[in-house]
2 protein chains.
Amino acid sequence: MTRPALNVSERLTAPPVVAVSTVIFALQPPVGQPTGADASTGTSSLWLPLVRRTREPFRDAWALPGGPLAWDQSLDETARSTLHAATGLAPRYLEQLYTFGGTERSASDLRVVTVAYWALIALANRTPLSPIENVAWFPADSLPLLAFDHADIVTVAQNRLRAKAGYADVAVRFLGEEFTLSELRRVHDAVLGTRSDPANFRRRMLGSGRLEPTGATRREGPHRPARCYRFVEPAGSDLLERPAHELSDEPPGPSPDHSPTTDRKRDPA
Amino acid sequence: MTRPALNVSERLTAPPVVAVSTVIFALQPPVGQPTGADASTGTSSLWLPLVRRTREPFRDAWALPGGPLAWDQSLDETARSTLHAATGLAPRYLEQLYTFGGTERSASDLRVVTVAYWALIALANRTPLSPIENVAWFPADSLPLLAFDHADIVTVAQNRLRAKAGYADVAVRFLGEEFTLSELRRVHDAVLGTRSDPANFRRRMLGSGRLEPTGATRREGPHRPARCYRFVEPAGSDLLERPAHELSDEPPGPSPDHSPTTDRKRDPA
DNA sequence: CGAATAGTGTCTGTCAGACATTATACA
DNA sequence: TGTATAATGTCTGACAGACACTATTCG
């Protein structure tokens, strides 16, 4: 895990260090954060935890949670363990994002290759997160100056999050096992910064075949209670045994102009 | 670039080596390959170059072109230079794919983290590629057994290629600057393994606003000549100055059920 | 002229957004 | 009863696939 001390010219030509950094998204931070954001606009917003650096370079600057790749851990494992160290939580979603390996990345003379991950965590239980040393939560749209090129990494992560929210079940990861369509819609809108029509959102979600009513209902105001749903894998997807990245990372998308096997269905009879 | 020789236990705990491997796709390989695929079905198909290993582990097995990350090269640069070494060509498209860093990846005891790329190259000029030592082209759907986990990497790359072909300008990269709609459609279908309706494909492509007629036409058979087009960035995209991965890697996709700023357009007058 | 592809027009089914309407809870 | 949201239904416009039809070139 340690390597012998090197002088400057040795560091410059030494093999690069591999590190893992993770952009961790959550909706609505735990209570009482010393950040100056709107705490009561009603719409929830994206927040993420940062770690204050205690060493040069960029000492005292904020940085993404992360750390070096240990020789006996996979990249995913490293992301999970550093995530846990920074938040005390396990992610409900974790995906590799991009690997940054430019030669000009670091202010130091030690070459670092950073494998970036992004993660979603649920803050359903309002346990205010055991306050962890040197960790603070910030709204994703007003971050402090970040160390290294971590601001770029956050930008890429936010783009990925928004893109995936459009077609994947990403929004579900912010919620508990059971949720109402309104809750799901609010998450969806918070991530994308939009305001969907409740009726159309309902129709689309139910029509997607990925939601299943649990039978439970939830009362939350002076109005009719809402049915609860859970997320289910669409029928047939269990045939494929997908190891995270093995299958397409991409959406079904605007389907190409063909039926998969045959065109021209009508017989020219 | 070199590191001192280590014994086995030292290798096990040494910092991981960073390597770059690239899946290079082309349509229709150069002439006369000793591979047993259908060479005359009329539909072009995807091929990719592999390199025969000359060292253990996996000596004599086929592997993706690639090599170690040099201390003075970025990941992209390394991908490009190893790609050039294997094909003698420059890619028309190059994108980082995924980083593989499991602890069980290699049969050797030296931990390797591989940053995988995928690339597209055009073989418009039928120059049969200066035959390069230990390099051969294979049809993407009938590859030999590959070293390491390179078969997984190819699978991921093919999924990404197919997914991107659905919405991005990927198909264009296989062609020259100027092309007819039929050529574009054939590429599109070869990548996706489909047969599109020419009329609908034309309408969709022209409607996308990303094609611009060059004025030229091309005669290629006993029929009306075809107009030529070039690919253009859609209007307004030049405002954004996008450095490859900074912006969304994802499709516009099935747009969320909202107009970006306001819902409910009709006035209840 | 016949064959073959380039290119156009049209019909139809699907689906998303807009929005009216009914249902049900609480104060 | 008033209000707020849940849930359903309907209309419309956009768009993709199917496919008939016209245009143009070569042999």
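I began with the sheet pairing in chain B, where S8(B) and strand S10 (residues 226-231) run antiparallel and are joined by 2 bridges; helices (H or I, at least four residues) and strands (E, at least two) are DSSP runs numbered from the N terminus, and two strands pair if DSSP finds at least two bridges between them. The model is predicted, so I kept in mind that local features need pLDDT of at least 70 and side-chain atom pairs pLDDT 80 or more, whereas totals for chains, interfaces and linings use all residues. Residues are numbered from 1 along each chain as its sequence is written, chains are lettered from A and ligands numbered from 1 in the order in which they are written, and side-chain values use heavy atoms, with hydrogens and water left out.

Sheet, continued. I looked up the partner of Thr180(B) in S10(B) and found Cys228(B). The open sheet holds 3 strands in the order S8-S10-S9 of chain B, with antiparallel pairing. Strand S8 (179-180) and strand S9 (211-218) of chain B each have a single partner strand and stand at the edges, so one side of each has no neighbour in the sheet.

Cavities. I took a cavity as a set of points, on a 1 Å grid over the protein atoms alone, where a 1.4 Å probe fits but cannot get out, with lining residues having an atom within 4 Å of a point. I noted 2 cavities of 30 Å³ or more, and about 50 Å³ of space in the largest cavity, a volume being the space filled by probe spheres set on the points. Among the lining residues of the largest cavity are Leu184(B), Met205(B), Arg210(B) and Phe231(B). Which domains contribute to the lining of the largest cavity? Domain 1 (8-176) and domain 2 (178-250) of chain B both do, so the cavity lies between them; the domain bounds come from an automatic or database domain assignment.

Salt bridges. In chain A, Glu178(A) meets Arg218(A) at 4.0 Å, N to O; Glu178(A) lies in the loop between helix H3 (150-165) and strand S8 (179-180), 40 residues apart from Arg218(A) in strand S9 (residues 211-218). Arg218(A) also meets Glu183(A) at 2.7 Å, N to O, and Glu183(A) is in helix H4 (residues 181-192), 35 residues apart from Arg218(A). I then checked burial (under 20% relative accessible area buried, over 50% exposed, partly exposed in between, 1.4 Å probe, protein chains only): Glu183(A) is buried at 15%, whereas Arg218(A) is partly exposed at 25%.

Terms used
On a 1 Å grid over the protein atoms alone, a cavity is a set of points where a 1.4 Å probe fits but cannot get out, and a pocket is an open set with protein on both sides within 12 Å along at least five of seven lines; lining residues have an atom within 4 Å of a point. A salt bridge is a side-chain nitrogen of Lys or Arg within 4 Å of a carboxyl oxygen of Asp or Glu.
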